[in-house]
Structures are given as structure tokens and as C-alpha cells.
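Please look through the sequence and the structure below. The report that follows takes up a few local features of the backbone, then the packing of the side chains, then the surface.

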Amino acid sequence: MKNKVLFISIGFALLAVMQMGCWKELNPKPENPYDQVDYHTPPTPVDTLDPNSFVSIHRDILVPKCAQPGCHDGVFEPDFRSLESSYATLVYAHITKNNADSSFAFRVIPFDKNKSVLYERITNCCFVNQNDRMPQDNIGVPMESDKIDRIAAWIMGGAKDMFGNIPQFPNSEPNIQYYIATDPQFNTISNTNNRIDSIYYNPFIVPSNYTMNLIFVVSDDSTSVDQLTYNKVKMSFEADNFSSSAPGYKEFQAFVITNPTNGDKYLMATINTNQFASGNIVYFRFYTNDGDHVGNTEFPYNSLDLPYKTFFSFYIQP
């Protein structure tokens, strides 16, 4: 009996399959209109940027590795946030930190990677301190050699800007960086302890009828210190008035002196406080000229904040 039922079931199944086949023949599958659509894969974009161009280096190296929060994100220079800020703070940009031998002057000098502190910082493990090689995203691990090679190629190719132009050497005004006041034996008298209320930007204190030296640290990108001209110290009782009619106005000529230890040159004026009535605060400014600019360079200047001006001043004790 069971065999008979199985035989009948198989028979029905075969009949159903045959009917399905006949139905498909009588009702062919309709054509799918999307079968003809060409879903071709779009071509992979081709990077047309020169890998050694500044635009490419900024995109591939400076932004991902350097323009990070707490690093070169605009808090300090070089500023790698944008193409413009990066280029302006690299090429012919004065450095703020040098090695022990003071071997560098600019972050990037076109055509000279060995004089460019950017290249030095990414290849030297120990510019100032141990393991201070850049970038600092993985301390102790150098940047990939292909990226270093790209930066080197850009510098040696003239450090062209984003438009392909080779920059010209700048001709800035002299940089009046600092000064110290000394007694005739060159002991410093302008330190914080000798300033009013021991505040570093207040006037330093000198006796009446006292001889002192004012020594200025000046640099220029095209003229050596001993070739600078004019070199005068002007003094006034008013912080923002250094005209010849200003109260207390005096001017003194500065001369070049050389540090016997390292050969560095400075500009020094010798002044006796008997030129002024005691009990006064005397403000002073330094003026110089590099021969490339019509006007003399002045520091401090009127638009600076008052502490700059009071730092460049002294008080004559009664």
C-alpha cells in the first residue's frame, strides 16, 4: 500500500514539473529594460598635482602631519593651516630657535636644503634637544623617506609658491631686537632687579651724573651691522614724542662694538645722565638705516603698547 502511495506522489510531482515547463514556454520571461544599462565603473581620478609642488606637499604632508591641534595650527609659527600661511611662515621666514652653532637664519632658503631649517628639523634627530625631530606625531620615528625627498626636491627646485613662482630674497627693514644698559665696566644695569618695583618693563634706575652704555642688538637681512648707517639714540620725557622740540629731547650717536668672545657686533651709545634733570623718566628709541630704505627704522614706535616704551626708558634718581 505504501509503495502505491509513493508511486502516485512521484507521478504527480513529475506531472507538475512538466506543466511548469510548458507554462514557461507559453509565457516567456519579459525583457528587463535595465539589462541594457551600462553600469560601467567610473575611472579612478588621476592626481595631476606635481608631488614636489608646494600645493601637493601641503595637502599630503604638512596638513595631516603638522597642522594638528597643539602643533602648527596657528598657535605658533610656522603656521600650516593654509597654503598661504604655510608658505609665508616658511620661505625666507626668520627662525625663532637655532641650534648651538647658530647655523641657520631662515626656515626655507630656495635652492639650499642644507641651509633650510625645515629640512634640518625633519632629518636631524636632535636639533636642540634629544628626539626633537619633526614631525612630533610619532616621537623618535622619522618621517617616511619619500616625503622627506619630496620636501627636499621642492626646496632644491627653488621653493616655488602655489603659482610656480620662485621667491625673491626679501629686503626687510633692520630688526632692532633688544638692548641692555651697562655701567662703564659693562655690568648690566637694566635687569629687572634694577627697575621700578622690580617689574621688567618699568624704567630702570640710574643715579644723576652717571655714565652708562646703551647697547643695541640689531640685525638686517641684507646689510651687516657695521654697514648700517644713522645709528642714533633719541631721548625724550614723553613716550610718544621724539621730535626735536619734545621736552627733554636729546640725541646721541651710536658706534659699532665687537664682542671679543664671539665676534658679534652691536651698536652702542654712551650717555651721562647729567644731560637731564634728576627725578625724570627718560624714554629713548633707537634709529638706524640699512641703506635700502628711504626712512630710518625706529624702535619702539608709537603704535606699540606702553610696556614696550617704558621698557625703553630709565628713571634718574634725585
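## Two cis prolines

Pro-135 sits in the loop that links helix 4 (117-123) to helix 5 (145-156). In this predicted model, the peptide bond leading from Met-134 into Pro-135 is cis, with omega near -5 degrees.

Pro-78 belongs to another loop, the one between helix 2 (54-65) and helix 3 (83-88). The bond from Glu-77 to Pro-78 is cis, with omega near -5 degrees.

## Positive phi angles

Ala-159 is not a glycine, yet its phi is positive, at about 50 degrees. The residue is placed in the loop between helix 5 and strand 1. Is Ala-159 buried or exposed? Ala-159 has a relative accessibility of 0%, so it counts as buried.

Tyr-230 is a residue other than glycine with a positive phi, near 75 degrees. Tyr-230 is part of strand 4.

## The largest nonpolar core

In soluble globular proteins, nonpolar side chains tend to be buried together. The largest nonpolar core here has 29 residues. Which of its residues touch the most other members? They are Tyr-179, Phe-204, Leu-214, Phe-216, Met-235, Phe-284 and Phe-314. Several strands each supply at least two residues of this core, among them strand 1 (175-182), strand 2 (204-206), strand 3 (211-219) and strand 4 (229-236). Strand 7 (265-272), strand 8 (281-289) and strand 10 (313-316) also each supply at least two. Strand 3 gives the largest share, four residues.

With neighbours within four places in sequence left aside, its contacts include Tyr-179, Phe-204, Leu-214, Phe-216, Met-235 and Phe-314. Phe-284 is also in contact with Val-233, Lys-234, Phe-242, Pro-300, Phe-312 and Ser-313.

## Another core

A core of 23 residues lies apart from the largest one. Ile-61, Leu-90, Ile-122 and Ile-151 are among its members.

## A nonpolar patch on the surface

Which residues form a nonpolar patch on the surface? The patch consists of Tyr-34, Val-37 and Tyr-39, and together they have about 380 Å² of accessible area.

Tyr-34 is located in the loop between helix 1 (2-26) and helix 2. Its relative accessibility is 58%, and exposed means over 50%, so Tyr-34 counts as exposed.

Definitions and conventions
Residues are numbered from 1 along each chain as its sequence is written. This is a predicted model: local features need pLDDT of at least 70, side-chain atom pairs count only at pLDDT 80 or more; totals for chains, interfaces and linings use all residues. Side-chain values use heavy atoms; hydrogens and water are left out. A nonpolar core is a set of buried Ala, Val, Leu, Ile, Met, Phe, Trp, Tyr and Cys residues joined through side-chain atoms within 4.5 Å. Buried means under 20% relative accessible area, exposed over 50%, partly exposed in between (1.4 Å probe, protein chains only). Contact means heavy atoms within 4.5 Å. Patches are made of residues with over 30% relative accessible area and no salt bridge: like charges are joined within 9 Å, nonpolar side chains (Val, Leu, Ile, Met, Phe, Trp, Tyr) within 5 Å. Accessible areas come from the Shrake-Rupley method with a 1.4 Å probe; for residues, only the protein chains shown count as cover. A salt bridge is a side-chain nitrogen of Lys or Arg within 4 Å of a carboxyl oxygen of Asp or Glu.
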